[in-house]
Amino acid sequence: MNWAATERKGSRRGSRRLFGTILEKRVCILLDTSGSMGPDLPQVKTELILLIWEQLRKHCDSFNLISFAEGLQLWQDSLVETTDAACHEATQWVTHLRAQGSTSVLQALLASYAPEPDLKAFSLRDVEGLYLLTDGKPDTSCSLILREVRRLTEAHRVKVHTISLSGAGRAEGAFLRNLASLTGGRYHCLVGEDLVSHIHRLLKSFLHDRDSVLPLFEGDDLRRLAQEATAARSLLWQAQSLTQDLDLVLLRDLALPQDLVLSQDLVLLRDLVLLLDLALPQDLVLPRDLGRDLVLLQVWGLGQELALQQKTQSTPVQAPRQKVLVTGGGGYLGFSLGSSLAKSGTSVILLDLRRPQWELVPGTEFIQADVRDEEALLRAFEGVDCVFHVASHGMSGAEKLQKEQIESINVGGTKLVIDVCVRRGVPRLVYTSTVNVAFGGKPIEQGDEDSVPYFPLEKHMDDYSRTKAIADQLTLTANGTPLPGGGTLRTCVLRPPGIYGPEEQRHLPRVASHIKKRLFMFRFGDRRTRMNWVHVHNLVQAHVLAAEALTAAKGYVASGQAYYINDGESVNLFEWMAPLFEKLGYSQPWIQVPTSLVYLTATVMEYLHLALRPICSVPPLLTRSEVHSVAVTHTFRIGKARAQLGYAPDKFNFADAVERYVQTTARRPRGPRARALLRLLLGLLLLLGLLAAALHFLRLQPSVV
């Protein structure tokens with residue numbers, strides 16, 4: 001019930017909170033995008049994207065999407081097979097939805113429902129279930145809509161499941177309930193925050209407090225679940241009273257046969273497993289004689305508990321060696337994490353398309369594979385206890401403009417990793433996310449997991465941040481997924497800022513290269529602007545602690561949680577980079593340039609890169625999102641990671657990483673001086689040309705701060 005009605009602070013509980021459970025195989029989602037939906041639409045779109053990946057992709061054969069206001073906006077002309085490609089396309093379509101106009105429910109229903117050509121915008125003849133989400137009263141008579149739907153159901157049986165946002169009034173709620181009832185569908189209502197808090201308090205003592213009464217929910221699904229939970233609690237009390245006189249000593253070796261089949265009441269089995277918190281055999285089916293078999297289940301559970309206690313009190317045996325897998329294991333963070341785990345005695349698999357440039361430490365194995373290759377993942381994940389999903393694409397530079405690759409790796413790859421974890425029975429998954437899931441160019445000062453929501457997907461200016469936000473939510477949504485052989489998938493996400501450390505290969509070398517080319521003679525943004533960084537050692541520590549916090553020994557404290565991870569310090573980028581300029585023998589930037597001009601120049605560079613990409617590679621000096629990262633404050637607290645994970649970042653000096661970088665590059669042979677000077681001259685000419693173009697466009701476009 002907690003899973004269906006609420007979402008935990010700091011993590012998403014998935015699309016069921018808003019949409020309920022999708023029941024059919026061929027469905028169409030009807031989304032109200034009228035003007036009154038404006039305040040709620042960003043969150044609704046986020047939940048709809050989760051629905052696409054969490055429920056439609058996993059459980060449906062085909063689907064379609066329709067938004068309705070004064071008119072209709074169709075995603076496809078018919079139901080579409082639920083493939084990864086279709087889900088990616090649908091996700092893109094959702095991000096561009098806007099709220100405007102009135103609420104034309106009848107037109108939407110006729111478009112997706114009516115079998116007669118003269119009554120429809122298009123026909124979805126194979127559709128089995130329609131899921132209608134709206135926040136208010138339609139612009140057509142409710143009685144007229146019900147009458148038309150009643151007539152249509154005589155020839156075309158389709159269930160209409162209605163979903164009401166918490167802002168709907170009593171009359172609107174009654175209409176949606178009647179519409180669902182008329183077609184044999186289900187009415188689902190979003191639970192308000194006050195009721196959520198009340199449910200939290202009730203569930204803590206519900207099993208043991210005979211006076212606790214669950215509320216009469218407005219939605220059909222939660223009301224039925226509450227009734228089942230209350231009935232199951234009564235039966236549980238009966239079972240407990242019957243087992244009080246049993247000799248528990250004789251129960252320690254009691255176990256139910258794995259092939260035991262007792263009855264076919266699967267719905268109550270689901271709720272009793274939740275209430276009894278027993279790890280029942282997967283093929284165990286609940287009996288009709290609930291009183292008798294609840295006693296059996298209770299006895300079985302107590303016997304398992306006593307057997308476990310007896311084992312733990314006996315002479316300890318050496319635990320089997322833990323086996324983990326790190327995607328992106330050829331990169332800086334992935335390799336550092338895998339090496340650290342291997343040195344502690346863990347068996348480590350590093351999976352990546354590119355082989356690490358560093359020598360493998362004992363206890364590590366490298367597998368060259370793509371996170372989008374299902375067969376390769378199935379082979380690699382066999383026998384793995386924990387997966388660290390570090391692989392991603394598009395973090396910085398020209399990579400940020402490779403849209404298709406970013407989408408397929410960050411979203412498609414993450415979804416496949418989650419699916420294979422479930423199929424292979426991997427109980428723990430730690431996902432390396434980014435602060436950019438919350439930061440999109442608006443100032444954030446000391447934000448935390450509870451106070452800062454996801455940045456609206458459609459407003460992200462780069463595909464990396466947008467796709468990482470989707471993957472972040474997919475990972476949290478997967479938390480609690482039952483595993484085929486028993487047990488549960490536990491997931492959490494870590495959200496670091498930029499990473500630095502010895503031999504870091506992305507940020508430091510790129511900035512140093514620009515400094516050597518004298519392309520960083522200017523600075524921009526307020527000197528008071530602050531951001532966070534994280535040393536690779538601290539980020540590795542956070543990953544190890546997060547994996548431990550997904551175990552029973554730590555009470556699963558990290559299960560379904562998100563954590564911001566950094567060094568615990570806020571810095572100005574140009575001041576923080578001062579040691580790099582000094583070690584390379586260059587003066588610090590002294591020319592102050594307006595941020596709006598830099599942003600416009602970055603825009604021109606992005607378009608120039610895309611235009612010339614078929615001919616040659618012209619990597620942008622900065623991208624628009626990087627300009628915002630430098631010029632806009634975005635800092636985050638790490639108190640939650642300290643309290644729940646025991647995260648304690650060590651103190652590091654950026655100058656040490658610079659010293660290591662300078663020593664490493666000093667040993668590399670340098671190219672001819674003339675060639676370097678020629679590159680510098682061409683770079684300066686290109687920069688001057690871009691600045692001239694930017695000054696021209698600046699008169700035509702508003703300033704960006």
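Biologist: Is the crossing of helix 4 and helix 14 left-handed or right-handed?

Modeller: The crossing of helix 4 and helix 14 is right-handed. Keep in mind that this is a predicted model.

Biologist: At what angle do the axes of helix 4 and helix 14 cross, and within what distance do they come?

Modeller: Helix 4 spans residues 84-95 and helix 14 spans residues 403-423; their axes cross at roughly 115° and come within 11 Å. That makes helix 4 roughly perpendicular to helix 14, since angles of 65 to 115 degrees are put in that class.

Biologist: Which residues meet where helix 4 and helix 14 are in contact?

Modeller: From helix 4 there are Asp84, His88 and Gln92, and from helix 14 there are Lys403, Glu407, Val411, Gly412 and Lys415. Sorted by class, the contact has 4 charged, 3 polar and 1 nonpolar residues.

Biologist: How many salt bridges does the model hold?

Modeller: The general idea is a distance rule: a side-chain nitrogen of Lys or Arg has to lie within 4 Å of a carboxyl oxygen of Asp or Glu. By that rule the count is 13 salt bridges.

Biologist: Glu407 belongs to the helix contact. Which residue forms a salt bridge with Glu407?

Modeller: Glu407 pairs with Arg466, and their closest N and O atoms are 2.7 Å apart. Arg466 sits in helix 15 (residues 463-478) and Glu407 in helix 14, so the pair links distant parts of the chain, 59 residues apart. Arg466 and Glu407 are both buried.

Biologist: How many residues apart are Lys415 and Asp419 in helix 14?

Modeller: Lys415 and Asp419 are 4 residues apart, which means a separation of about one helical turn. Their side chains form a salt bridge, 2.8 Å from N to O. Both residues are buried.

Biologist: What about Lys651 and Glu569: where do they lie?

Modeller: Their side chains meet in a salt bridge at 3.2 Å, N to O. Lys651 is in the loop between helix 22 (639-645) and helix 23 (654-666), while Glu569 is in the loop between strand 18 (561-564) and helix 18 (573-576), so the pair ties together parts 82 residues apart in sequence.

Biologist: Is Lys651 buried or exposed?

Modeller: Lys651 is exposed, because its relative accessible area is 64%. Glu569 has 37% and is therefore partly exposed.

Conventions. Residues numbered from 1 in each chain as written. Predicted model: local features only at pLDDT ≥ 70, side-chain atom pairs only at ≥ 80, totals over all residues. Heavy atoms only, no water. Axes fitted to C-alpha atoms, helices over the stretch in contact; angles between N-to-C directions. Helix = DSSP H or I, 4+ residues; strand = E, 2+ residues; numbered from the N terminus. Parallel < 35°, antiparallel > 145°, perpendicular 65-115°, else oblique. Left-handed = near helix turned anticlockwise from the far one by under 90°. Contact = heavy atoms within 4.5 Å. Nonpolar A, V, L, I, M, F, W, Y, C, P; charged D, E, K, R; others polar. Buried < 20%, exposed > 50% of the residue type's maximum accessible area, 1.4 Å probe, protein only.
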